[in-house]
Amino acid sequence: MAVTQIPRFKLAFLAPRYWLLWLGIGIWRGILLLPYPVLTQIGCALGWLFGHLSVGKKRLKVAKRNLELAFPHLSQAEIQRLLQENQRSVGMAIIETGMAWFWSDKRIQRWSKTIGSEYLQQFSQKGEPRGILLVGVHFLTLELGARIIGLSRPGIGVYRPNDNPVFDWLQVRGRMRSNKMLLDRKDLRGMIKALKQGEMIWYAPDHDYGRKNAVFAPFFAVQQAATTSGSYYLLRSVPHCAIIPFVPRRLENNKGYLLTIEPPVTLNSSESPETVATEMNHIIEHSILQACDQYMWMHRRFKTRPNEQENLYH
């Protein structure tokens, strides 16, 4: 199902069961009025708090295991330093999502810089339309990265509807500020149609979405990581679309954000889902290494195994 406009606000959203959520949204929006350097301190504090909650401790344990599996050459001290930085980025993700959904265009532009815009512009010329598969990954800055790109070229976002109707309304409202429309991440036909029409699709094939519609391919040091086969079917259906990776990175010392749009990538082979998944994982690895501490390592990336009895997260 495609979302082409901001959904209407419903009076049912004001029901008592949503009052606590509305209170949280109000506090969130109020905090976002503060200067950016203050927001970074709040974000780091939220990351510290997250690490002391039971759910945070569980997620940090998953992140640590992922780092050990992906980078077996790193020492425990190096992994611990990376984990601490990642924890701070989790807190900043709350702030950055709010920035993406609520900040004005002017304020976003003040705190961000984009390099590589010419790689998108070259496919905006008149003539036969050529779709763009904008390969993003699940950085903790992903919402803000999409908003920054949308300031210069709105595209089509891919999302998962939220079970809470109020938060889903807020999510769609926020993401429609930088997108022409939104597609459910399961809507492969919708993505293919949009690419054929010359649209730009934000696409993140880096997570473990389960055994269905997946193949096993190398991902960093893990030789058999469940990887979506959707990339193969997209590229087989729209073989001439441009594949362009991008990386939204938070800079140090309160300098804001740098969004890097990479040159178009050509896959060497599209003969099978496995070969496409392997090459797409190489693209993803290159992106992650540019801001490793800001990646969503708390997702159980290696939960689906060829041997269903194997569990890497004991």
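A search of the whole structure, which is a predicted model, turns up 0 disulfides. A disulfide is a covalent bond between the sulfur atoms of two cysteines. To count as one here, the two sulfur atoms would have to sit within 2.5 Å of each other.

**Cysteines**

- Cys44 is in no disulfide, and the nearest cysteine sulfur, which belongs to Cys292, is 18 Å away.
- Looked at from the other end, Cys292 is in no disulfide either, with the sulfur of Cys44 as its nearest cysteine sulfur at 18 Å.
- Are these residues buried or exposed? Cys44 has a relative accessible area of 31%, so it counts as partly exposed.
- Cys292 comes in at 12%, and because buried means under 20% relative accessible area, Cys292 is buried.

**The second largest pocket**

- How much space is in there? The second largest pocket has a volume of about 370 Å³.
- Its lining is made up of 19 residues, and the ones nearest the centre are Glu85, Arg250, Glu252, Asp293 and Gln294.
- By class, that lining splits into 7 nonpolar, 6 polar and 6 charged residues.

**Where the lining comes from**

- Which element gives the largest share of this pocket's lining? That would be H4, with 4 residues.

Key:
Residues numbered from 1 in each chain as written. Predicted model: local features only at pLDDT ≥ 70, side-chain atom pairs only at ≥ 80, totals over all residues. Heavy atoms only, no water. 1 Å grid on protein atoms, 1.4 Å probe; cavity = no way out; pocket = protein on both sides within 12 Å on 5 of 7 lines; lining within 4 Å. Points joined across faces, edges and corners; volume = space filled by probe spheres on them. Helix = DSSP H or I, 4+ residues; strand = E, 2+ residues; numbered from the N terminus. Nonpolar A, V, L, I, M, F, W, Y, C, P; charged D, E, K, R; others polar. Buried < 20%, exposed > 50% of the residue type's maximum accessible area, 1.4 Å probe, protein only.
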